[in-house]
Amino acid sequence: MTEKDLHYYEPASGHGLKHDPFNAIIAPRPIGWISSRDAKGNLNLAPYSFFNGFNYHPPIIGFSSTSWKDSVANIHETGEFVWNLATMDLAQQMNATAAHVAHDVNEFKISGLTAAPSRRVNVPRVAESPVSFECKVSQIIQLQGADGQKVQAWLTLGEVVAVHIDKAMIKDGVYQTALGRARSSAPAAGATILKSGLRPCSR
Ligand SMILES: Cc1cc2nc3c(=O)[nH]c(=O)nc-3n(C[C@H](O)[C@H](O)[C@H](O)COP(=O)(O)O)c2cc1C
């Protein structure tokens, strides 16, 4: 590849394409489907694709909120959250939980999902999801640019203190990653893996 084969841009000056390729390049991404509860007890559930795992021992996961949204506000108040695995058969409900609704609207209810009690945190998990991590917050970091200027984005990191896995996802003692991604009523597992990972998101 030579220079003339490359589309080069500096993000601060724009990407020069029809759509910003940033999200599409960092793909597929798992979804951080985050349940939380505010100090008054209002439940919340929302998807975050700026999500990943960052450490083994203790296990630490995190997601980034591109403004001070309800999930990060709740977690800041109570110090707890739950991550739920979003599988293809839950995609419609997962999208419904991204709705911009008033703070006290419970997304479990509007998406028709069941809030199942957790064991170590006072935040429910999604009963329909085959895997959930109960988490206690370890850090909430406001992001900043290379120039040190704060940006309106917060990375919430939490230690996984309890794990729930549907036993159907474990074969001979080994967790089946592909099964989790592909779990779907759709016939083509390969396509569903792509769809679940590459799903473009608008925020
Ligand atoms: C698939 C998907 C991925 C998303 N990823 C993010 C993300 O990484 N960060 C973010 O701030 N919002 C993201 N959003 C938008 C939030 O889900 C949306 O703003 C939601 O209303 C936030 O809910 P909350 O205020 O209850 O936390 C995503 C939406 C969808 C559908």
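Start with helix 2: Asp70, Ser71, Val72, Asn74 and Ile75 are all buried there. What covers these buried residues includes strand 1, strand 2, strand 4, strand 5, strand 8 and strand 9. Keep in mind that this is a predicted model. The protein has six helices and eleven strands, and 28% of its 203 residues count as buried.

- Helix 2 covers residues 70-78, and it lies across strand 1, strand 2, strand 4, strand 5, strand 8 and strand 9.
- If you want a direction to go with that, helix 2 runs at about 50° to strand 1.

- Seven strands make up an open sheet, and their order is 2-1-5-8-9-4-3, with antiparallel pairing.
- Strand 2 and strand 3 (51-55) sit at the edges with a single partner strand each, so one side of each has no neighbour in the sheet.
- Going from one strand to the next, the twist averages 35°.
- As background, strands of a sheet pair through backbone hydrogen bonds, and the pairing can be parallel or antiparallel.

- Strand 5 takes in residues 80-84, and five of its five residues are buried, which leaves the strand mostly covered.
- Which residues of strand 5 point one way, and which the other way? Glu80, Val82 and Asn84 go one way, Phe81 and Trp83 go the other, and all are buried.
- One partner is strand 1 (residues 32-37), which runs antiparallel to strand 5 and is joined to it by three bridges.
- To pick out pairs between these two strands, Ser35 stands opposite Val82, and Trp33 has Asn84 as its bridge partner.
- Another partner is strand 8 (residues 131-144), paired with strand 5 in the antiparallel sense over five bridges.
- In that pairing, Phe81 has Cys135 of strand 8 as its bridge partner.

**Around the ligand**

- How many residues surround the ligand? There are 19, and the closest are Ala46, Phe50, Lys69, Asp70 and Ser71.
- Strand 2 (43-48), strand 4 (60-65) and helix 2 each supply at least two residues of this shell.
- Strand 2 gives the most, with four residues.
- By type, the shell divides into seven nonpolar residues, eight polar ones and four charged ones.

**A look at Ile141**

- Ile141 is a residue of strand 8.
- Why does Ile141 count as exposed? Ile141 has 12 C-beta neighbours inside 10 Å, and a residue is called exposed if that number is 12 or fewer, so Ile141 falls in the exposed class.
- Apart from neighbours within four places in sequence, Ile141 is in contact with Trp154 and Leu155.
- Ile141 and Leu157 are 16 residues apart in sequence, and their C-alpha atoms are 8.1 Å apart in space.

**Contacts across the chain**

- Among the contacts in the protein with a separation of 6 or more, 63% are between residues 24 or more positions apart.

How values were computed. Residues are numbered from 1 along each chain as its sequence is written. This is a predicted model: local features need pLDDT of at least 70, side-chain atom pairs count only at pLDDT 80 or more; totals for chains, interfaces and linings use all residues. A residue is buried if 20 or more other C-beta atoms lie within 10 Å of its own, exposed if 12 or fewer, and partly exposed in between; C-beta atoms are placed from the backbone. Two strands pair if DSSP finds at least two bridges between them. A residue is near a molecule or strand if its C-beta atom, placed from the backbone, lies within 6 Å of it. Ala, Val, Leu, Ile, Met, Phe, Trp, Tyr, Cys and Pro count as nonpolar, Asp, Glu, Lys and Arg as charged, and the others, Gly among them, as polar. Two residues are in contact if their C-beta atoms, placed from the backbone, lie within 7 Å. Axes are lines fitted to C-alpha atoms, for helices over the stretch in contact, and angles run from 0 to 180 degrees between N-to-C directions.
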